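Thanks, everyone. I have one structure today and will keep this short. Please have a look at it before I go on.

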Amino acid sequence: LRLHNYRLYVVAQLISNTAGWMQRIAVDWLVLEITGSVALVGLTIALQFLPTVVLGAYAGVVADRFSKRRVMIVCTAAAGLFNLVLAIIAINGTAQLWAVYALVLAVGVMQVFDGPARSVFVSEMVGPRHLRNAISVNASIFHLGALVGPALSGVLIVAVGSGWAIGSNVLAAAIGIVLLLAIRGDELLVAPRAPNSKGQIREAGRYILSKPTLFFTMAMAGVIAMFGMPMPALLAGVADEVYFTGATGYGLYNSLAAVGALIGALASARRASLRLRTIILSALLYGVMLALTGLSPFYPMFLVLLMSVGFSRLLFMTAGETMVQFSSNLAIRGRVMAFWVMVVVGGQAIGGPLMGWIAETIGPKN
């Protein structure tokens, strides 16, 4: 945080992540209000992430070829406009399911191109010396937003409706663009840009397959993303059908998971070394905590275990991303990180409707 550029970036990320979590909760609840279907909430999650599966690899090529900051600014501005439209139709009561899905899909496309550029831009700001701590700080910021955002969103949904919680993203996008423009370009360690040539996606694929630390880390991330990370759909069902706590309870559940994740991020920042074994143990711990949360017979126990789920998930995700970044050459890192995002986000795109259907069939806690 001594670095001027990274301080600005952290402020922008905190605002953006808080507003982003407010939007996620509000959109999920809006779909639940329109349809009454947990499975369709799961489909909403899938639509946010589906563009990553289709366009993710190309987004990595864009990140390697063009200015990362310029890509981020364009994506942030476009996503802000789409969120403005979504907020307006939610506020005036004209939101229909097809329109919500279309706008969520459009925002997802912008996030596809933003993700790899943002990951590599962190290394351009802090350099290799501070990269590991920067990844942990980024995770802390992300989950601090996940702690505050759902709680604020739950309060806003009850008080004035989902549309205003979605609209917070428009203001966040404007602030984010201003802060990105204020970053000093002469202090960046700009990565070499990849030439405009054919076969760059295949090159990245071969590179990942040739390095076990990359391949096995991504394989584990894909499984966990598919079956363990579509929690919003399950928690919406728990709030609506099991404990009958409504939108306020839904925001509380996501915030408790974020508390654990924030603690996990701070713990990750103190990690001196990283091995593949650490990632495997973190993945096992996450699975055990999820199972215990589903089996918890008492409401207070359920709330406490949600924090352990967030903690173990964050340990795995920060360890995985750190391994992927450090195991890849800077010239190809944008494409490698695009594959990482594709695996994590694409797994959730598949797992969202699948877990939503399972929740409707056998119950969200089962």
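This is a predicted model: local features need pLDDT of at least 70, side-chain atom pairs count only at pLDDT 80 or more; totals for chains, interfaces and linings use all residues.

Along the principal axes, the C-alpha atoms fill a box of roughly 55 × 45 × 40 Å.

On burial, 58% of the 366 residues are buried. On contacts, take those with a separation of 6 or more: 87% of them are between residues 24 or more positions apart.

Now helix α11, residues 299-326. From its first C-alpha to its last, α11 reaches 41 Å over 28 residues, close to the 40 Å expected at 1.5 Å a residue. How much of α11 is covered? Mostly: 20 of its 28 residues are buried.

Last, the pair. Helix α1, residues 4-35, packs with helix α3, residues 68-91, at an angle of about 35 degrees, and their axes are 12 Å apart. The crossing of α1 past α3 is left-handed. Which residues make the contact? From α1 they are Tyr9, Gln23, Val27 and Leu30, and from α3 they are Met72, Asn83, Leu86 and Ala90. By class, six residues in this contact are nonpolar, two are polar and none is charged.

That is the end of my part.

Conventions: Residues are numbered from 1 along each chain as its sequence is written. Side-chain values use heavy atoms; hydrogens and water are left out. Axes are lines fitted to C-alpha atoms, for helices over the stretch in contact, and angles run from 0 to 180 degrees between N-to-C directions. Helices (H or I, at least four residues) and strands (E, at least two) are DSSP runs, numbered from the N terminus. A crossing is left-handed if the near helix is turned anticlockwise from the far one by less than a right angle, and right-handed if clockwise. Contact means heavy atoms within 4.5 Å. Ala, Val, Leu, Ile, Met, Phe, Trp, Tyr, Cys and Pro count as nonpolar, Asp, Glu, Lys and Arg as charged, and the others, Gly among them, as polar. The expected span of a helix is 1.5 Å times one less than its number of residues. Buried means under 20% relative accessible area, exposed over 50%, partly exposed in between (1.4 Å probe, protein chains only).
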